[in-house]
Amino acid sequence: MCAALSTDRPALPARPPGREGSPGGAAPSGLVGRAAPGDRTITTPDGATDVLVVGGGIVGLTAAWRASRAGRRVTVLDPAPGDGATHAAAGMLAPVTEADFGEETALRLGADSAARWPAFAAELEADAGLDVGLRPTGTLTLAYDGDDLALGRRVRALQEAWGLDSTEISVAAAREREPLVGPRVAGAFWAPGDHQVDPRAVHRALTAALARDPRAAVVRRRAVRLLRASGPGSPVTGALDDTGVEHRAGTVVLAAGANSGDLLADVPEVCAPTRPVKGQTLRLDAPSWFTLDHVVRGIVQGRPVYVVPRTPGPDGHREVVVGATSEEHPDDRRATAGGVFALLRDARALLPGLDELALVEVTPRVRPGTPDNLPFLGPTTVPGLVLATGHYRNGVLLAPVTGAAIDAVLTGQPLPPAVAAIDPLRFSPTPTPAR
């Protein structure tokens, strides 16, 4: 039996009243979404949309955008698109500095996706007419004391063994890159290929791109269960929303974050256990004298922390994101005093100038964790059901490779090798389909 821990989170519908993001409202009478010529991978019944995406965060909207780009009619079902993990995310594109022992598969997936980000951003910006805040900043990692430096060197040795571009540099060299580095730092490491993007800007761009396509719709309702034809082995045909409306589709992409596992209750052949892992991020307002330009990550007495500076605005002020706590906890949307204190304490130990900045936002949200910290991404043995969930801490980083996987599914092409290496049915009771 598949157990899934989750909170009561949104999902998404098709063709109900009030189709937001569709300039023409409901699709014209008689217009039925069909697969591209020669593509036999999707069968869409009359009166249904081609693709229904359940979940409107950065992963779900990426899936919807790729379906839209492929000429499909697409509906996204979510009561508050982008208000989950996407809203809290700092946007680090950091496969190197996120590398951890025993997680080489996750690293390879992240590295593949990071390499896709420039082209992904350029295509999205052209579609939406909006900037997504992609910045090639590189990442500076600081070790606070001797024990932290020893840990950093162990991780650096792992990175070297995996062929990653990361170098130990002197503290003086770190201060040359970032003069705001504090006086009590024991060591530093430089990863030139780990960059950043603004997740909220990306979500705005995805929303705008979908709004420009009359075949796309975003419906602000929550999916409560998936719909099936009848009986085990039957196709998934859509989703039921929290008002009782059925949204039918030829293909359903499940991208509902921590709530995804619960939505599979009526699909026993597919087990994709997701659980909520709560994190808190802080947003600070920095005046022009705060000249931090690179992403700074740190280890402070064994605790991880990061500081991500955005591009300055016309007035010289910039947003600075500090994060992130991590705890096994439901999505109560409540910040804790201890969590906020710990983030500020550790961040200012590395960058004391943070003391002078205004704290303008505290954002607690849950990430969709999985038992092995790998996402569920790809088609399933159940016709009509595709998984795109469980991205945990890396939903922003993995958006481009998720989009590439959706492209492959819609056109009947092989999945990207880094995606194919992660079986979406690895926890399911049914045999894995041949690829």
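Modeller: In this predicted model, helix α1 is followed by glycine 71, whose phi is positive, near 85°.

Colleague: What makes α1 mostly covered?

Modeller: Buried means under 20% relative accessible area, and 11 of the 12 residues of α1 are buried. Among them are Ile58, Leu61, Trp65 and Arg66.

Colleague: How do you know that the span of α1 is close to the expected one?

Modeller: The expected span is 1.5 Å times one less than the number of residues. For the 12 residues of α1 this gives 16 Å, and the helix reaches 16 Å from its first C-alpha to its last.

Colleague: Why is α1 called roughly perpendicular to α3?

Modeller: The axes of α1 (residues 58-69) and α3 (residues 104-128) come within 13 Å and cross at roughly 70°. Angles of 65 to 115 degrees count as roughly perpendicular, so α1 is roughly perpendicular to α3. The crossing is left-handed.

Colleague: Which residues make the contact?

Modeller: Thr62, Trp65, Arg66 and Arg69 of α1 meet Phe120, Glu123, Leu124 and Asp127 of α3. By class, the contact has 3 nonpolar, 1 polar and 4 charged residues.

Colleague: Why does threonine 105 count as partly exposed?

Modeller: Threonine 105, in helix α3, has 37% relative accessibility.

Colleague: Which residues does threonine 105 touch?

Modeller: Leaving aside residues up to four places away in sequence, threonine 105 touches Leu374 and Ile422. Its C-alpha is also separated by 7.9 Å from that of alanine 418, 313 residues apart along the chain.

Technical notes: Residues are numbered from 1 along each chain as its sequence is written. This is a predicted model: local features need pLDDT of at least 70, side-chain atom pairs count only at pLDDT 80 or more; totals for chains, interfaces and linings use all residues. Side-chain values use heavy atoms; hydrogens and water are left out. Axes are lines fitted to C-alpha atoms, for helices over the stretch in contact, and angles run from 0 to 180 degrees between N-to-C directions. Helices (H or I, at least four residues) and strands (E, at least two) are DSSP runs, numbered from the N terminus. Angles under 35 degrees count as roughly parallel, over 145 as roughly antiparallel, 65 to 115 as roughly perpendicular and the rest as oblique. A crossing is left-handed if the near helix is turned anticlockwise from the far one by less than a right angle, and right-handed if clockwise. Contact means heavy atoms within 4.5 Å. Ala, Val, Leu, Ile, Met, Phe, Trp, Tyr, Cys and Pro count as nonpolar, Asp, Glu, Lys and Arg as charged, and the others, Gly among them, as polar. Buried means under 20% relative accessible area, exposed over 50%, partly exposed in between (1.4 Å probe, protein chains only).
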